[in-house]
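User: I'd like to learn how to read backbone and packing features in a model like this one. Could you walk me through it, starting with the backbone?

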Amino acid sequence: MTATATAPATAPTRGARPLAGTGTLLRFALRRDRVLIPVWVAVNALMVLSMPNTLKSLYGTAAERADLMRQMATNTSLRAMVGPIFGDSPGALTAWRVGVYAGALAAVTSLLVVVRHTRDEEESGRQEMVSSGTVGRRAPLTAALLAAVVADAAVALLITAGLAGQGVAGAGALGLGVAGVGLVFATLAAIAAQLTESARLARGLVAAALGAAFVLRAAGDSAHDRGSSVPTWLSPLGWLENLRPFAAERWWVLPLFGAAAALQAAVAYALAGRRDVGMSFLPTRPGPAEGRLGGAGGLAWRLQRASLLGWSVGFFLAGLVYGAMTTGAARLVGDNDQARQIVQRMGGRAALTDAFLSAMIGMLGTVAALYVVASVLRLSGEETSGRAEPVLAGPVGRLRWAAGHLAVAFGGSVVIMVLAGLGFAAGYGQRTGAVLGACLVQVSAVWVIGGVAVLLHGLLPRAAVAAWAVAGAVLLLGWIGPALDAPRVVLDLSPFEHLPKLPGGEMTWGPVGVLVGTAVVLVAGGLAGLRRRDLAA
């Protein structure tokens, strides 16, 4: 159904000022995101703030830093992954090592917040109820964008304050750059929310744009070691690295973020003023053009297949890139004792190439936990939007309805890890079986995180969003825990720490069996709770 140029159907809104009720909606949005925003902001800030001391221990002498810069200038694979180096101070190395990833994480936080409080609200029908009061037609969009601004500002302040000791100007530039990337994708998410009738599609479009930005930045950086190629400048992530925090800051780059965000916000507001609540500008097919749903499982597959396809392509490409850079990265890491120790803490005590492969596979495993959480929580979206009730009104039980979505979630995690393994094997060019086995071992830990999401949805549906906090904490432990040499008791909180370090290590089935059993128990507990409680409203 396409948008119309008429005023909204809710009469009281017509007389309200365009921004009436923005403050109330903002407070409500921040209250709803009191878990989501703090967790994602904390993960992002901790990732950045943990780097200076780690990098000081890795590259403590001028000779080691000079050697790093020399090798990065010639290693195109690593440059594509983390970007070029513009300075050898701890602050400049921090901006090089995690700047792009901090910007990407801010973008993900922003798009989740904006879509949740715009298209998600309209899709569930809650926005129509809210708009029946004295609420301006642009107030919901404004409140969503301001909630994203709060998250991005918090990240910027934490980064600036935490890195001020390395240089106030550089810390401010990095914090503002990360927040700038977040704002660009927040306003892009606002446009996507106007164009599409599905929150899932809106998130997918913005995520695809973020992936394209990363690819453009990577392609540009691999072609030139100073970040000056055209593809780099076409990406907001490229703007962040060209801001050059702690390396003669280019303050004139900051207006690029402001101009892009302002232009996209203007487009989003113009679109919001030309459609009815719940409508969209991109037409949606009223039903399947061909084929049949084949029951609750078929419906779940149709609802989630596009998401699974996107994750599958992304994991294959990530495996391809990481596999291609394995030899060069292992050679670079091998020249530094501290870096070698970190890789071995992540990937085991096997040969350095095997340890690096194991570490990269483990990182993708923790990212796969985000997929399984998003897929499981689709159950929550179906409940709160009211779409589950018509399905359950027929001859379909709750367990059968949930089983369709869980099959896609847990089976899909196997698919994306297999494709990641194929990507690793294609990029690395050898040991296909060993790499595939290492990727499949990660699935047992991914299933534990999915089990936590099922348990929360079944027993505490209002707290199901906390599954994102669990996935974020596991991501944080896996990515920066080894670099910080965190205590074993802390690292062991992540199920991924109990997996055998493959390839190169010894395969032990005991921990894998325990993790699979834990996942089964968690899922069973969640389904038991779902069977007994009332549906969420």
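Analyst: Happy to! Let's begin in a loop: Arg244 sits between helix 14 (236–242) and helix 15 (254–272). Keep in mind that this is a predicted model.

User: What is the phi of Arg244?

Analyst: The general idea first: most residues other than glycine have a negative phi, and most peptide bonds are trans. Arg244 has a phi near 55°, a positive value in a residue other than glycine.

User: Is Arg244 buried or exposed? And is Phe246 buried or exposed?

Analyst: Compare the relative accessibility with the cut-off for buried, which is under 20%. Arg244 is at 13%, so Arg244 counts as buried. Phe246 is also at 13%, so Phe246 counts as buried too.

User: Where is there a cis peptide bond?

Analyst: Look at omega here. The bond joining Leu502 and Pro503 is cis, with omega about -5°. Pro503 belongs to the loop between helix 25 (488–491) and helix 26 (509–532).

User: Now for the helices. How many helices and strands does the protein have?

Analyst: The secondary structure comes to 26 helices and zero strands. Let's take helix 11 (residues 168–195) as our example.

User: How do helix 11 and helix 12 cross?

Analyst: Read the distance and the angle together. The axes of helix 11 and helix 12 (residues 199–223) come within 9 Å and cross at roughly 140°. Roughly antiparallel would need an angle over 145 degrees, so helix 11 is oblique to helix 12. Their crossing is right-handed.

User: Which residues meet between helix 11 and helix 12?

Analyst: From helix 11 come Phe185, Leu188, Ala189, Ala192 and Ala193, and they meet Ala202, Val206, Ala209, Leu210 and Ala213 in helix 12. By class, the contact has ten nonpolar residues, with no polar and no charged ones.

User: And for the protein as a whole, what share of residues is buried?

Analyst: Buried residues make up 52% of the 537 residues. For contacts between residues at least 6 apart in sequence, 77% join residues at least 24 apart.

Key:
Residues are numbered from 1 along each chain as its sequence is written. This is a predicted model: local features need pLDDT of at least 70, side-chain atom pairs count only at pLDDT 80 or more; totals for chains, interfaces and linings use all residues. Side-chain values use heavy atoms; hydrogens and water are left out. Axes are lines fitted to C-alpha atoms, for helices over the stretch in contact, and angles run from 0 to 180 degrees between N-to-C directions. Helices (H or I, at least four residues) and strands (E, at least two) are DSSP runs, numbered from the N terminus. Angles under 35 degrees count as roughly parallel, over 145 as roughly antiparallel, 65 to 115 as roughly perpendicular and the rest as oblique. A crossing is left-handed if the near helix is turned anticlockwise from the far one by less than a right angle, and right-handed if clockwise. Contact means heavy atoms within 4.5 Å. Ala, Val, Leu, Ile, Met, Phe, Trp, Tyr, Cys and Pro count as nonpolar, Asp, Glu, Lys and Arg as charged, and the others, Gly among them, as polar. Buried means under 20% relative accessible area, exposed over 50%, partly exposed in between (1.4 Å probe, protein chains only).
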